[in-house]
Amino acid sequence: MLFGVLLVLNMCVLSYAVVPETLSEGDITAFLSGHNKLRSSVNVQDLVWDSKLATIAEKYTSGCVRNETSTGYGETLFYSYPKVRNNKKLASEAIGFWASPVNFVKPKWECSIKSKTACGAATQLVWRKTTHIGCSIAHCSDNFENFVVCLYTPRGNIIGESPY
């Protein structure tokens, strides 16, 4: 019987819901300016905030499930610890992590470190056909307490197309 109780407790711990953070205008600006600074470095137009994408990202972060989705949108995921309560700082950390391989990306979508998955987030950030972004932040109660998701449309990383 003790095993059954532990199993139920474990299932409860694994299937918790989290209320995503409500992003302030300053938080949204942090996401946009971080992305757009990188995009301007490769002469790509600025992204525009999309509340619909942000709402979809919120649904995704509310479960704290860190798997790629099949939403049809481009996406970037970031999770870290310890908990960071400053959303602007967390947005900056996420963008910095996603952008770190951008110096290895060649214009024909070749990743000079020989791994397209290693450059995937960086190319999504600078994908020239992408015009809109929406993001969400949640604080989970597991080992990775910060969870950030950004969704993009039109999605990037189309094989055979150049990122910029």
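1. In this predicted model, Tyr60, Tyr79 and Phe147 form a cluster that is held together by ring pairs. Across the whole structure, the search finds four aromatic pairs.

2. One ring pair consists of Phe78 and Phe97. A pair of aromatic rings is described by the distance of the centres and the angle of the planes. Here the centres lie 5.6 Å apart and the planes meet at 55 degrees, so the pair of Phe78 and Phe97 is tilted. Phe78 belongs to strand 2 (residues 74-80) and Phe97 to helix 4 (residues 87-99); the pair thus links distant parts of the chain, 19 residues apart.

3. Phe78 has a relative accessibility of 7% and counts as buried, whereas Phe97, with a relative accessible area of 51%, is exposed.

4. The largest nonpolar core contains 27 residues, and those that touch the most other members are Phe31, Trp49, Trp98, Ile133 and Val148. Two or more residues each come from helix 2 (25-40), helix 4, helix 5 (116-126), strand 5 (132-139) and strand 6 (146-153). Helix 4 gives the most, with six residues.

5. Phe31 deserves a separate entry. When neighbours within four places in sequence are set aside, Phe31 is in contact with Leu23, Trp49, Ala91, Ile95, Cys135, Ile137, Val148 and Cys150.

6. There is also a second, separate core, made up of eleven residues, among them Ala57, Cys64, Cys140 and Phe147.

Conventions: Residues numbered from 1 in each chain as written. Predicted model: local features only at pLDDT ≥ 70, side-chain atom pairs only at ≥ 80, totals over all residues. Heavy atoms only, no water. Phe/Tyr/Trp six-rings, centres within 6.5 Å; stacked < 30°, edge-to-face > 60°. Helix = DSSP H or I, 4+ residues; strand = E, 2+ residues; numbered from the N terminus. Buried < 20%, exposed > 50% of the residue type's maximum accessible area, 1.4 Å probe, protein only. Core = buried A, V, L, I, M, F, W, Y, C linked by side-chain atoms within 4.5 Å. Contact = heavy atoms within 4.5 Å.
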